[in-house]
Amino acid sequence: MRCPYCGNDDTQVKDSRPTEDSGAIRRRRICNACGGRFTTFERVQLRDLTVVKKSGRKVPFDREKLSRSVFTALRKRSVEPERVERMLSGIVRQLESLGDVEITSDQIGEYVMEGLKGLDDVAFVRFASVYKNFSAADDFRSFLTELAHNDDRNMQVDDD
Ligand SMILES: [Zn+2]
């Protein structure tokens, strides 16, 4: 599993255990290159969904990829990985229940923004800025400045 911080492939599992609902295996991993710690979840995938990109290109839905972009938005934010996983599972369930094997990247983006809004303001803005491609850069900057006041308080290192 590639390290989300430095991109190194050489990471090690420190601890594996089932999640509360036994729906997944939670693994604590450590990167042998940078010492970064992160968590991965292994779970059953029920349906194969296809994502239709803006360009019209179709790619298989990849929960890991979705997870990576969400965790990138949450970088250095103190949000419990389990809460993030629950949000991701909720998104996947919603996607699966749309009743169509093909989903658009827009739909996924909307669900992610909805989920992040309830989880962490800063991560929401980070994700939205990439996803929505904020055109009004100044509005975006003042929005960030506003959020930065809460940022220091919430900024914590993962030191367990
Ligand atoms: Zn690393």
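**Figure 1. The hairpin of strands β2 and β3 in the predicted model**. Five residues lie between β2 and β3 in this hairpin. In the turn, G35 has a positive phi of about 80 degrees. Strand β3 comprises residues 37-43 and runs antiparallel to β2, to which seven bridges join it. Within this pairing, R27 stands opposite T40 of β3.

**Figure 2. The hairpin of strands β1 and β2**. Strand β1 spans residues 11-18 and is antiparallel to β2, the two being joined by seven bridges. Q12 has I30 of β2 as its bridge partner. Five residues separate the two strands of the hairpin, and S22, in the turn, has a positive phi of about 60 degrees.

**Figure 3. Burial of strand β2**. Strand β2 is formed by residues 24-31. Of its eight residues, seven are buried, and the strand is therefore largely enclosed by the rest of the structure. Its bridges to β1 number seven, and seven bridges also join β2 to β3.

**Figure 4. The open sheet of strands β5, β4 and β6**. The three strands are arranged in the order β5-β4-β6, and their pairing is mixed. Strands β5 (58-60) and β6 (102-104) form the edges, each pairing on one side only. From one strand to the next, the twist averages 35 degrees. Strand β4, made up of residues 50-52, pairs with β5 in the antiparallel sense through three bridges. In that pair, T50 stands opposite P60 of β5. Helix α3 packs on the sheet and touches β4 and β6; the direction of α3 makes about 65 degrees with that of β6.

Figure 5. With a relative accessibility of 3%, L49 counts as buried. Leaving aside residues up to four places away in sequence, L49 touches V59, P60, F61, L95, E96, D100, V101 and I103. The C-alpha atom of L49 is separated by 8.3 Å from that of D62, which lies 13 residues away along the chain.

**Figure 6. Packing of helix α1 on helix α3**. Helix α1 covers residues 63-73 and helix α3 residues 105-117; their axes are 12 Å apart, and the packing angle is about 40 degrees. At that angle, α1 is oblique to α3. The two helices cross in the right-handed sense. Residues L66, V70 and A73 of α1 meet I108, V112 and L116 of α3. Classified by type, this contact between α1 and α3 contains six nonpolar residues, with no polar and no charged ones.

**Figure 7. Packing of helix α3 on helix α4**. Helix α4 consists of residues 121-131, and its axis comes within 8 Å of that of α3, with a crossing angle of roughly 160 degrees. This angle makes α3 roughly antiparallel to α4. The crossing of α3 and α4 is left-handed. On the side of α3, the contact involves S105, D106, G109, E110, V112, M113, L116 and K117. These residues meet D121, A123, F124, F127, A128 and Y131 of α4. The contact of α3 with α4 comprises eight nonpolar, two polar and four charged residues. V112 and L116 of α3 take part in this contact and also in the contact with α1.

**Figure 8. K76 in the loop between α1 and α2**. K76 has a phi near 65 degrees, a positive value in a residue other than glycine. With a relative accessible area of 57%, K76 is exposed.

**Figure 9. Setting of the close-up views within the whole chain**. The secondary structure consists of five helices and six strands. Along the sequence, these elements follow the pattern β-β-β-β-β-α-α-β-α-α-α. The chain has 160 residues, of which 37% count as buried. Considering contacts between residues at least 6 apart in sequence, 47% join residues at least 24 apart.

Definitions and conventions. Residues are numbered from 1 along each chain as its sequence is written. This is a predicted model: local features need pLDDT of at least 70, side-chain atom pairs count only at pLDDT 80 or more; totals for chains, interfaces and linings use all residues. Side-chain values use heavy atoms; hydrogens and water are left out. Buried means under 20% relative accessible area, exposed over 50%, partly exposed in between (1.4 Å probe, protein chains only). Helices (H or I, at least four residues) and strands (E, at least two) are DSSP runs, numbered from the N terminus. Two strands pair if DSSP finds at least two bridges between them. Axes are lines fitted to C-alpha atoms, for helices over the stretch in contact, and angles run from 0 to 180 degrees between N-to-C directions. Angles under 35 degrees count as roughly parallel, over 145 as roughly antiparallel, 65 to 115 as roughly perpendicular and the rest as oblique. A crossing is left-handed if the near helix is turned anticlockwise from the far one by less than a right angle, and right-handed if clockwise. Contact means heavy atoms within 4.5 Å. Ala, Val, Leu, Ile, Met, Phe, Trp, Tyr, Cys and Pro count as nonpolar, Asp, Glu, Lys and Arg as charged, and the others, Gly among them, as polar.
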